[in-house]
Amino acid sequence: METDRPDSQTPNQLRPLACSCSCSILHRSHGSASWAQRETKVLAAVYGPKAGTKKNENPKKASIKVIWKPKTGQIGKVEKEYEMILKRTLESICIRTIYPNTTTLVIVQIVHDDGVLLPCAINAACVALVDARIPLKHLVVAICCSITDSGCIILDPTKDQEEKMKAFINLVFPNTIVSVLPEGSLQEGSETMAHGIMTSITQGAMS
Amino acid sequence: MGLSNASEDLSSEMEVDAFRRLFPLRYFERHLAESIRPDGRPLGKARETSIFLGAVASANGSALVKIGSTTMLTAIKMEVMTPSLESPDEGCLAIDFHMPPICSPIVRPGRPAEASPVVSKQLSDTISSSRMIDLKELSLVGGKAAWMAYLNAAFSIMQDIYCLDADGALFDAALISAVAALSHLQIPAVAMNDDGKIVLVSGEDGQKPVNKEKRKLTLRSIPFSLTCILHKNYILADPTAEEESIMETHVTIVLDTSGQLISLYKPGGPALAYTSAIQDCVGLTGQRVKELKSYLDKENSAMEVVV
């Protein structure tokens with residue numbers, strides 16, 4: 001069934017992306033990226049690896065610290081949760097045994113929020129890590145799907161659409177480099193690696 | 001002969017403890033290969049759960065929940081407030097999750113623990129997503145107060161959850177505790193005082209009550225959760241704190257009593273969640289929901305008998 005969207009996009013259509021990463025964005029950082037999906041815009045910076053680890057961290061591996069800066073005001077529970085999710089996701093994709101006893105600092109600054117904020121930040125942080133040449137197992141791709149009352153799935157909703165939807169889910173998938181790895185290693189059991197879910201956050205009831 | 005036997009027993013026990021400390025991952029994997037866990041549970045079984053309602057007498061609703069060693073204490077306080085302009089006919093529900101230093105060796109006094117706001121946000125999202133509580137029911141406009149057109153008041157539910165012992169699966173225990181406290185909640189009687197404001201009735205005041213006597217809150221479908229660990233090809237239900245710290249991929253699934261999926265929460269982790277693993281987790285959670293619902297119904301019926 002068809003659902004009309006106010007911005008005249010089809011249900012499976014992503015909003016226009018604008019991504020740039022180079023040291024021309026932030027000169028002092030080792031890697032930086034700006035990621036925009038239409039109005040939503042996130043700026044990410046990576047510093048490190050720097051020597052030393054904080055207490056409660058494992059010095060045998062590289063540790064990642066994430067700081068989430070909202071557009072205005074102090075960080076609350078929402079920002080703390082986003083920080084934790086981003087840290088766990090980035091820890092999963094980094095090869096942490098190459099630089100033991102180091103800390104990599106990832107700072108995410110929200111420039112504008114028009115829905116789909118967390119997937120935008122995950123994409124920006126991933127690009128910033130690549131720009132900083134942090135060794136990664138694979139990249140990650142983050143999207144947001146929303147579900148209408150009639151069960152239709154809409155990809156990449158805006159903030160207005162998010163509030164009208166019955167439920168939505170943020171998903172993060174791995175994305176491997178197909179030109180380097182042999183064919184067999186992309187399989188895990190009976191499914192390819194790209195079908196596995198790395199991070200999943202849902203809101204609202206689904207069936 | 002006896003001396004050598006005693007020495008041998010002691011040394012073998014020390015070796016097991018040393019192996020557990022030095023190589024925790026291999027220690028657990030040795031158990032997983034036999035489809036058992038170090039505390040003797042099978043992989044898909046949750047720990048012993050107990051629910052106790054009415055633990056805090058001065059609160060409007062309270063519950064004490066234990067899952068294994070994890071202990072959660074929830075207390076609810078209700079106040080009369082002015083609703084917001086955006087939703088003038090609704091009350092509100094605020095949930096706070098506290099981890100005092102008594103609950104874990106890694107929690108320090110002073111600054112709040114890292115997990116505290118994360119679990120708090122998760123709880124708020126889950127309870128609002130499930131629409132367990134009709135916020136319009138908390139409104140005081142209507143009924144006997146309908147003739148006062150200028151009257152604008154509603155109940156506000158403030159829920160505090162304290163973690164007394166953190167031994168893994170904190171969100172699961174916190175959610176059961178929050179749900180049990182809400183099922184135990186008694187809405188107090190309120191009256192209008194001489195200044196025209198609505199206050200809570202304490203004892204036998206002569207004031208005219210705006211609403212009826214104490215009544216229970218109507219709960220729609222109730223959400224329950226189960227946290228699982230994904231490690232290689234194994235799925236471990238209801239992990240302890242030690243298992244959580246060793247194996248890093250956690251999946252939390254929340255279903256309500258009508259079978260809807262409220263939350264599928266997987267914050268990163270090295271293992272990927274494929275379709276078959278998610279289906280297995282949903283199956284385990286479905287069994288857990290039936291189990292917990294029977295516990296809660298039994299406890300509520302026991303409370304009604306007492307009253």
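Two strands pair if DSSP finds at least two bridges between them. Helices (H or I, at least four residues) and strands (E, at least two) are DSSP runs, numbered from the N terminus. The model is predicted: local features need pLDDT of at least 70, side-chain atom pairs count only at pLDDT 80 or more, and totals for chains, interfaces and linings use all residues. Residues are numbered from 1 along each chain as its sequence is written, chains are lettered from A and ligands numbered from 1 in the order in which they are written, and side-chain values use heavy atoms, with hydrogens and water left out.

View 1. Strand β3 (residues 70-81) and strand β5 (residues 154-165) of chain B run antiparallel, joined by 11 bridges. B:M78 faces B:I157 of β5(B). B:T71 has B:D165 as its bridge partner in β5(B).

**View 2. The β2-β3 hairpin of chain B.** Seven bridges hold β2(B) and β3(B) in antiparallel pairing. B:V65 has its bridge partner, B:M72, in β3(B). Two residues lie between the strands of this hairpin. B:G68, in the turn, has a positive phi of about 60 degrees.

**View 3. The five-stranded sheet of chain B.** This open sheet has the order β1-β2-β3-β5-β4 (chain B), with mixed pairing. The edges are β1 (49-53) and β4 (92-98) of chain B; each has a single partner strand, so one side of each is left without a neighbour in the sheet. From one strand to the next, the twist averages 15 degrees. Axes are lines fitted to C-alpha atoms, for helices over the stretch in contact, and angles run from 0 to 180 degrees between N-to-C directions.

View 4. Helix α3 (residues 115-130) of chain B lies across β4 and β5 of chain B, at about 150 degrees to β4(B). α4(B) lies across β1, β2 (61-67), β3, β4 and β5 of chain B. The direction of α4(B) makes about 150 degrees with β2(B). Contact here means heavy atoms within 4.5 Å.

**View 5. The four-stranded sheet of chain B.** The strand order in this open sheet is β11-β10-β12-β13 (chain B), and the pairing is antiparallel. At the edges, β11 (234-237) and β13 (261-265) of chain B each pair on one side only. Neighbouring strands are turned by 20 degrees against each other on average, direction ignored. Strand β10 (residues 223-231) and strand β12 (residues 250-256) of chain B share seven bridges in the antiparallel sense. Within this pair, B:C228 is opposite B:V251 in β12(B). Helix α4 (residues 170-184) of chain B packs on the sheet and touches β10 and β12 of chain B. Its direction is at about 175 degrees to that of β10(B).

**View 6. The interface of chain A and chain B.** Chain A brings 30 residues to the contact, and chain B brings 31 residues. Together the two chains bury about 2600 Å², 50% of it on carbon and sulfur atoms. Buried area is the accessible area (1.4 Å probe) that two parts lose on being put together, summed over both. A:K77, A:E81 and A:I197 supply 21% of the area that chain A buries against chain B, more than any other three residues. Two salt bridges (a side-chain nitrogen of Lys or Arg within 4 Å of a carboxyl oxygen of Asp or Glu) cross the interface. One of them joins B:K121 and A:E81 (3.2 Å, N to O).
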